[in-house]
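This report describes selected features of a two-chain structure, shown here for reference.

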Amino acid sequence: MSGDSARDAVGDYRYGFHDPENATIRFDKGLSEQVVRDISELKNEPQWMTDIRVKAYRRFMEMPMPSWGNCDMLNQIDFEAVTYFLRSSEGTEKNWDEVPEDIKNTFDRLGIPEAEQKWLGGVTAQYESEAVYHSIREDLEEQGVLFLDMDSGLKEYPDIVKKYFGTVVPASDNKFSALNTAVWSGGSFIYIPKGVHVEMPVQAYFRINAKNMGQFERTLIIADEGSSIHYVEGCTAPTYSTESLHSAVVELIAMDGAKIRYSTVQNWSANVYNLVTKRGIAHSNATIEWVDGNIGSKLTMKYPAVILKGEGAHAEVISVAYAGKGQHQDAGAKVHHLAPNTTSNILSKSISKNGGRSSYRGMLQVTPKAHGCRSKVVCDALMLDADSQSDTYPTMEVGNSSADLEHEASVSKVSNDQLFYLMSRGHSEEEAMGMIVNGFFEPFTRELPMEYAVELNRLLELEMEGAIG
Amino acid sequence: MGDEVLSINDLHVSVEGNEIIKGISLTISVGEIHAIMGRNGAGKSTLANVVMGHPSYEITSGTISFRGTPLEEMEVFERARAGMFLSFQYPSSIPGVQVGTFLRKSVSAVRGENAPSARDFRKELKGHMESLDMDRSFLSRYVNDGFSGGEKKRLEILQMLLLNPCLALLDETDSGLDIDALRVVADGINSIAPEAGCLLITHYQRLLEHVKPDFVHVMIDGKIVKTGGAELAGDLEAKGYDWLEA
């Protein structure tokens with residue numbers, strides 16, 4: 001595929017640049033038990049982690065591909081064509097100036113160090129398989145907040161990692177969580193001590209640069225009793241004509257009365273498979289919030305989940321998906337009400353354009369013992385043209401009659417009258433469409449830190465350009 | 001008076017094959033207020049929407065020019081940027097878009113290089129909102145979303161004042177307003193009238209007690225059947241439309 005046709009295939013994507021690849025260690029393509037063992041050995045991991053990896057690898061090999069979702073696209077994944085480990089830097093730097101020049105350029109272009117200075121409590125930047133830069137504000141460190149990349153977390157706090165790793169998302173959960181557990185590298189490790197409130201968001205930025213790369217970060221966040229944190233992640237990749245695979249696992253644990261908010265703006269280029277398992281456990285009176293935006297990727301399958309394990313726990317899942325040409329966003333939410341008086345809100349909004357497809361897939365479970373639960377699910381889809389597709393697959397399993405459940409779903413189109421109204425106020429058709437789309441996503445956008453909200457709005461306006469004709 | 005802003009010549013308009021406007025000619029100059037009166041279904045709203053460029057209407061013959069430029073050469077947003085404004089009978093709601101943001105974006109789209117600075121814009125906005133008796137909480141609501149009829153009309157007039165058009169088309173802006181709101185809306189129209197051409201579409205005389213038209217046109221079945229001065233509105237109020245029908 002020539003450069004031009006590659007660009008045609010993925011549209012106008014402003015993060016599609018790539019920098020020269022200067023790998024210090026690059027594994028051969030393909031997956032085997034030896035590859036898994038090599039990754040573990042290279043990282044000098046304890047034996048127990050090697051064992052977890054190898055066991056997970058075997059599970060991965062045994063498990064079939066999911067038989068639901070977009071099977072056609074899933075079955076196109078060639079696991080043998082993927083590079084499972086690539087090291088670009090000899091270490092994780094704490095000083096931005098010491099990050100290798102080419103990598104630094106990439107993140108400079110993405111505006112990362114600038115954002116850190118302005119509004120972040122800490123930042124980690126992952127390039128290919130490993131973190132290349134990491135920092136945390138001193139005051140947070142003094143309060144005992146741990147914020148490290150996952151590899152360092154395992155080295156420095158093996159006991160905590162051993163206690164919690166894989167307890168929320170076991171390797172055997174699904175084929176891709178097994179794959180991640182086998183070959184994971186990078187991601188964030190966070191522990192917030194009892195009663196500590198991290199006021200400024202901490203951010204992770206994930207960048208795939210190499211072709212046919214597989215990125216398998218693993219994130220574990222533990223918020224101890226009565227603590228709170230807001231974690232933000234962003235992702236981009238260059239535009240190649242061949243595919244990359246991003247398969248992360250995120251585990252959140254909110255102890256009694258703790259609050260974790262996890263915000264994502266996923267803007268992978270349209271050649272990335274984004275197959276991610278995100279799940280949190282909320283203990284008594286704890287809150288877990290997933291704020292999940294999916295704009296990029298070829299195929300996303302992601303259903304942020306919350307297990308409401310303790311009485312009075314609360315889950316909030318706000319997600320938006322934008323599916324353009326050639327894209328399928330199969331996203332949604334899962335909430336399991338296991339304890340009495342637990343509550344949840346799910347809001348899902350999707351936009352389909354130029355033949356794109358967005359699906360809402362949701363699961364709401366209330367167990368027989370979970371009395372007095374309340375849940376509200378709202379799914380809204382907006383179709384920008386007749387070629388596009390939107391579908392919903394809601395599942396409810398309700399084990400007792402005391403639950404108070406609401407479910408609303410709507411599919412709408414942009415009306416000619418709305419466009420005419422906005423155009424009569426001096427806005428071109430594209431600008432009018434951009435305003436309608438931004439307005440539709442507003443309930444999501446307003447939950448993001450302002451810098452992300454502005455960026456997202458700009459991104460959607462760009463998507464509307466050249467879209468009308 | 002002179003300065004023509006709108007010139008309509010033997011206009012015929014159809015919607016889905018049905019002819020709604022059947023030969024209308026009308027010229028509006030700066031400083032003139034024209035009122036078009038008639039029953040529901042006479043084609044009054046169609047006329048306003050066609051001039052603004054609603055895509056559902058087809059001009060089958062005749063011409064319209066706006067400040068000397070034939071309208072077929074101008075997109076809807078270009079008409080707006082050139083100074084045309086339509087106050088909608090049924091303004092659309094735009095969920096998720098805050099009134100404040102919408103107004104700022106519209107002012108910068110329409111007034112372009114002459115748009116006020118952020119600070120001047122806030123000042124201008126505050127002044128107009130006070131004159132229209134609008135609370136500041138309007139600005140954080142979503143455009144027309146869940147608005148009452150009167151609130152929608154006030155927002156239309158607020159936009160008109162901010163966009164400062166040279167041709168204002170007001171489609172049934174008086175319907176559904178209580179007497180206080182009617183007065184506020186009329187003040188708004190009167191304040192732009194000296195510098196603009198105004199076309200008021202109404203089937204009540206009420207608004208015309210507060211805004212004095214220079215010309216009143218009676219429209220029946222897609223045609224203007226009679227044109228007169230402000231006194232014609234009074235005649236219609238007293239005698240109805242029957243005496244004008246053939």
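A:Ser359 is buried, as 23 other C-beta atoms lie within 10 Å (a residue is buried if 20 or more other C-beta atoms lie within 10 Å of its own, exposed if 12 or fewer, and partly exposed in between, with C-beta atoms placed from the backbone). The model is predicted: local features need pLDDT of at least 70 and side-chain atom pairs count only at pLDDT 80 or more, while totals for chains, interfaces and linings use all residues. Residues are numbered from 1 along each chain as its sequence is written, and chains are lettered from A and ligands numbered from 1 in the order in which they are written.

A:Ser359 belongs to strand β21 (residues 357-366) of chain A; helices (H or I, at least four residues) and strands (E, at least two) are DSSP runs, numbered from the N terminus. Leaving aside residues up to four places away in sequence, A:Ser359 touches A:Asp330, A:Asp391 and A:Tyr393, where contact means that the C-beta atoms, placed from the backbone, lie within 7 Å. Between A:Ser359 and A:Lys349 there are ten residues of sequence separation and a C-alpha to C-alpha distance of 10.0 Å.

**Chain A as a whole**

Chain A has 13 helices and 24 strands. Its C-alpha atoms fill a box of roughly 65 × 60 × 45 Å along the principal axes. Of the 469 residues in chain A, 55% count as buried. Among contacts in chain A with a separation of 6 or more, 83% are between residues 24 or more positions apart.

**Strand β13 of chain A**

Strand β13 (residues 259-266) of chain A is largely enclosed by the rest of the structure, because seven of its eight residues are buried. Strands pair here if DSSP finds at least two bridges between them. Strand β10 (residues 228-236) of chain A runs parallel to β13(A) and is joined to it by eight bridges; A:Tyr231 stands opposite A:Tyr262 of β13(A). Eight bridges also join β13(A) to strand β15 (residues 287-294) of chain A, again in parallel, with A:Val265 opposite A:Gly293 in β15(A).

In chain B, six strands form an open sheet of mixed pairing, in the order β6-β9-β10-β3-β11-β12. The edges are β6 (84-87) and β12 (223-228) of chain B, each with a single partner strand, so one side of each has no neighbour in the sheet. On average, neighbouring strands of this sheet are turned by 20° against each other, direction ignored. Strand β11 (residues 215-220) of chain B is antiparallel to β12(B), with five bridges between them, and B:Ile220 has B:Lys223 in β12(B) as its bridge partner.

Helix α5 (residues 149-163) of chain B packs on the sheet, where it touches β6 and β9 (167-171) of chain B, and its direction makes about 170° with that of β6(B). Axes are lines fitted to C-alpha atoms, for helices over the stretch in contact, and angles run from 0 to 180 degrees between N-to-C directions.

Helix α3 (residues 99-111) of chain B packs against α5(B) at an angle of about 35°, with the axes 10 Å apart. From α3(B) the contact takes B:Val99, B:Leu103, B:Ser106, B:Val107 and B:Val110, and from α5(B) it takes B:Leu155, B:Gln159, B:Leu162 and B:Leu163. By class, the residues of this contact are seven nonpolar, two polar and no charged; Ala, Val, Leu, Ile, Met, Phe, Trp, Tyr, Cys and Pro count as nonpolar, Asp, Glu, Lys and Arg as charged, and the others, Gly among them, as polar.

**Positive phi**

Most residues other than glycine have a negative phi, and most peptide bonds are trans.

| Residue | Phi | C-beta neighbours inside 10 Å |
|---|---|---|
| A:Ser297 | about 80° | 28, buried |
| B:Glu172 | near 55° | 21, buried |

A:Ser297 lies in the loop between β15 and β16 (299-302) of chain A, and B:Glu172 in the loop between β9 and α6 (179-192) of chain B.

**Contact between the chains**

Chain A gives 19 residues to the contact and chain B gives 19 residues. On the side of chain A that touches chain B, α11 (416-423) and α12 (429-445) of chain A each supply at least two residues. That side has eight nonpolar, eight polar and three charged residues.

Key: Contact = placed C-beta atoms within 7 Å.
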